[in-house]
Amino acid sequence: MGTDARKRLVVLGSGFAAISLLKRIDLKEYDVTVVSPRNHFLFTPLLPSTTIGTIEFRSIVEPIRKVRDGDRFVQASCTAIDPDERTITCRATENDAVFTLPYDMLLISVGTWNNTFGVPGVKENAFFLKELSDARSIRERVISCLEAADVPGTPPEERARLLHFAVVGGGPTGVEFAAELHDLIVEDLVNHYEALEGQVRVTLFEAGRSILNAFDENLREYTVEHFGRNDIDVRLETQVSEVRPGGLQLRNGEFVPAGVVVWSTGNGPTGLIQSLPFTRERGGRVLTNEYLQIPSHPEIYAAGDCAVPAGTGLPQTAQVAMQQGKYLAREFNRMARGRAVRPFHFNNLGMLAYVGEHRALADIPKANVRGHGLLTYFFWRSAYLTRLVSLKNKALVLSNWIITALFGRDLSKF
Ligand SMILES: Cc1cc2nc3c(=O)[nH]c(=O)nc-3n(C[C@H](O)[C@H](O)[C@H](O)COP(=O)(O)OP(=O)(O)OC[C@H]3O[C@@H](n4cnc5c(N)ncnc54)[C@H](O)[C@@H]3O)c2cc1C
């Protein structure tokens, strides 16, 4: 039996950075093992659309085992890294079994956790919107609130509470979720819950002075006006101090009753990242060099939301993570052929966001394009459709969009 001369490359995570590397890495040169508690890749840009049924859950996931033949996948969380021994300790997702794996090269691409900024009651009484399970919980809760509000004899104040959907955080995720809720109210409520028409309210709470801070100022202003026209109340400079079972306590003393609270105020480092003995920037991301290596341990690489090349301030976006995964695969393949490794350069392709009522934003500085409206909406849809990983997902999303347009959203709860 011949020995395997390939380098053992262990990849932590099954997100954008990991899948981009996995699709391109030369498996003749590298013995690749992917370790992740999630056995699928999730296309997060379309996650808000699944919360209200515009798109079905399975349409935006890709089983990680199907991405490549010849790699290995282990469903587990990495709990510790021993850089001296070059091993990782993991805990299996299904049975909590603890095991270790050796590596020659390691890629840390474990993403982030939701940041609650220490606000009490968030974990207990609000929904996050990061994983498919979050989207499913939100969808169930929204439908539960609509059903409960439609029960005869529900007191008016309780009905008003159940029909108030609050979103905390004015970044792209919060804005897109509010937009999707609005679409549901306008397009589907009248067919399903006639008696509730005109009673559902959506409020977006933002602690800062504006929403969508990463976007151009005109696009931010357009979004606030567009939301205003569509009865989405945007409350700027409003801090939430606690989330209670029945609603939000604001710092100014006001209590806002709400049936659903979705918390989307940003990212923080995962437990694993916090435990690592590597230098981190203020926001908690691991600092790498321009080759995405940990300077003190060049055989360890870190990419995506959990890391940042020193001095770049790159945003935590799928675009960055994908480019980094692609870059690493390309340079690892060059390295295996004895060629010099080149540094990572981010190519900013711009940002897109959906704002409801078939309108989207596009901020593409390179092409000097800052657009909003219906045409941008079609551009948004086609851009995301082309970025979905498999042909199957593209077909599913396209058919979901067509079915929703023709027959409306499915509001069954089971
Ligand atoms: C609702 C939503 C909408 C978004 N929309 C956009 C958008 O429109 N455009 C855009 O550019 N970006 C968007 N983003 C951001 C984008 O999803 C992230 O920037 C991107 O997912 C980062 O990729 P990643 O590979 O770093 O991490 P992720 O894709 O988050 O993947 C992290 C992986 O690590 C795994 N993991 C976690 N802990 C461990 C551990 N201890 N051991 C092993 N594995 C672990 C996770 O299970 C997961 O598989 C959105 C995010 C959300 C939540």
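**Note on the predicted model**

1. Helix H4 first. In H4, the buried residues are Ala 135, Ile 138, Arg 139, Val 142, Cys 145, Leu 146 and Ala 149. Buried means that 20 or more other C-beta atoms, placed from the backbone, lie within 10 Å of the residue's own; exposed means 12 or fewer, and partly exposed lies in between. These residues sit on the same side of H4, because they cover an arc of only 130° around the axis. The arc is taken from the directions that run from the helix axis to the C-beta atoms. An α-helix has 3.6 residues a turn, so residues three or four places apart point the same way.

2. Basis. This is a predicted model: local features need pLDDT of at least 70, side-chain atom pairs count only at pLDDT 80 or more, and totals for chains, interfaces and linings use all residues. Residues are numbered from 1 along each chain as its sequence is written. Helices (H or I, at least four residues) and strands (E, at least two) are DSSP runs, numbered from the N terminus.

3. Span of H4. The helix covers residues 132-149 and has 18 residues. Its C-alpha span, first to last, is 26 Å, close to the 26 Å expected at 1.5 Å a residue. That expectation is 1.5 Å times one less than the number of residues.

4. The ligand shell. 34 residues surround the ligand, and the closest are Gly 13, Gly 15, Gly 111, Gly 304 and Thr 317. The cut-off is a C-beta atom, placed from the backbone, within 6 Å. Elements that give two or more residues to the shell include helix H1 (16-24), strand S2 (30-36) and helix H10 (318-336).

5. Domain 1 (7-112 + 269-336) and domain 2 (122-266 + 350-407) each give at least three residues to the shell. Domain bounds come from an automatic or database domain assignment.

6. The open sheet. Eight strands run in the order S7-S6-S5-S2-S1-S8-S20-S19, with mixed pairing. Strands S7 (98-102) and S19 (293-294) are the edges, each pairing on one side only. Two strands pair if DSSP finds at least two bridges between them.

7. Hairpins. S5 and S6 (residues 87-92) are antiparallel over six bridges. Four residues separate them, and Arg 86 takes a positive phi near 55°. S6 and S7 are also antiparallel, joined by five bridges. Their hairpin has five residues between the strands, with Asp 96 at a positive phi near 65°.

8. Strand S16 (residues 260-263). Val 260 and Val 262 on one side, and Val 261 and Trp 263 on the other, are all buried. S16 pairs with S10 (residues 164-168) in the parallel sense over four bridges.
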